[in-house]
Amino acid sequence: MKNNLERAKLMVSSTVFSWLLLCLFAVTTSVSVQPTCTFPAIYNFGDSNSDTGGISAAFEPIRDPYGQGFFHRPAGRDSDGRLTIDFIAERLGLPYLSAYLNSLGSNFRHGANFATGGSTIRRQNETIFQYGISPFSLDMQIAQFDQFKARSALLFTQSQLRLLVDL
């Protein structure tokens, strides 16, 4: 009897909590005027939940049907459609992120995606061929980001110097 009472209390509190979350969601999403985004770019780190083509560019391309549902072609993702990072980019009015490892045809003006499927927080001793674990752990993704920033700064400085020489 006591067990049933505790279970009932838990169900009521869970229902009340869910209802409060639903109300909070309704209030925050019903606001008609949303502030505009002032972020010029997004830089993403992660695993297959947000990999927009990194692991496909680094190793064997991911084939059909992945990408057919939304992109109508192979998109280098372990998903048939958009990822959470795509919805964030859409909401902020930015284009979808190009994978950092997929430089062909990519545009990094609005950010880059360093995420790769199978990534971990810490470096692992296994390989992608043995256990499916990506060699691009978080520390490697951060190193790639640092390299990206340094290279971008260098290219920007070189373009500014060319402009001064042309004057």
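**Close-up views of pockets and salt bridges**

**View 1. Lining of the largest pocket.** Ten nonpolar, nine polar and two charged residues make up the lining of the largest pocket (Ala, Val, Leu, Ile, Met, Phe, Trp, Tyr, Cys and Pro count as nonpolar, Asp, Glu, Lys and Arg as charged, and the others, Gly among them, as polar). The model is predicted: local features need pLDDT of at least 70 and side-chain atom pairs pLDDT 80 or more, whereas totals for chains, interfaces and linings use all residues. Residues are numbered from 1 along each chain as its sequence is written, and side-chain values use heavy atoms, without hydrogens and water. The volume of the largest pocket is about 400 Å³. T52, R73, A75, S98 and N102 are the closest to its centre among the 21 lining residues. A pocket is an open set of points on a 1 Å grid over the protein atoms alone, where a 1.4 Å probe fits, with protein on both sides within 12 Å along at least five of seven lines; lining residues have an atom within 4 Å of a point. Volume is the space filled by probe spheres set on the points, which are joined across faces, edges and corners.

**View 2. The second largest pocket.** This pocket, of about 250 Å³, is lined by Y100, F108, F148, R151, S152 and L155.

**View 3. The salt bridge of D86 and R77.** Their side chains meet at 2.5 Å, N to O (a salt bridge is a side-chain nitrogen of Lys or Arg within 4 Å of a carboxyl oxygen of Asp or Glu). Both D86 and R77 are buried (under 20% relative accessible area; exposed is over 50%, partly exposed in between; 1.4 Å probe, protein chains only).
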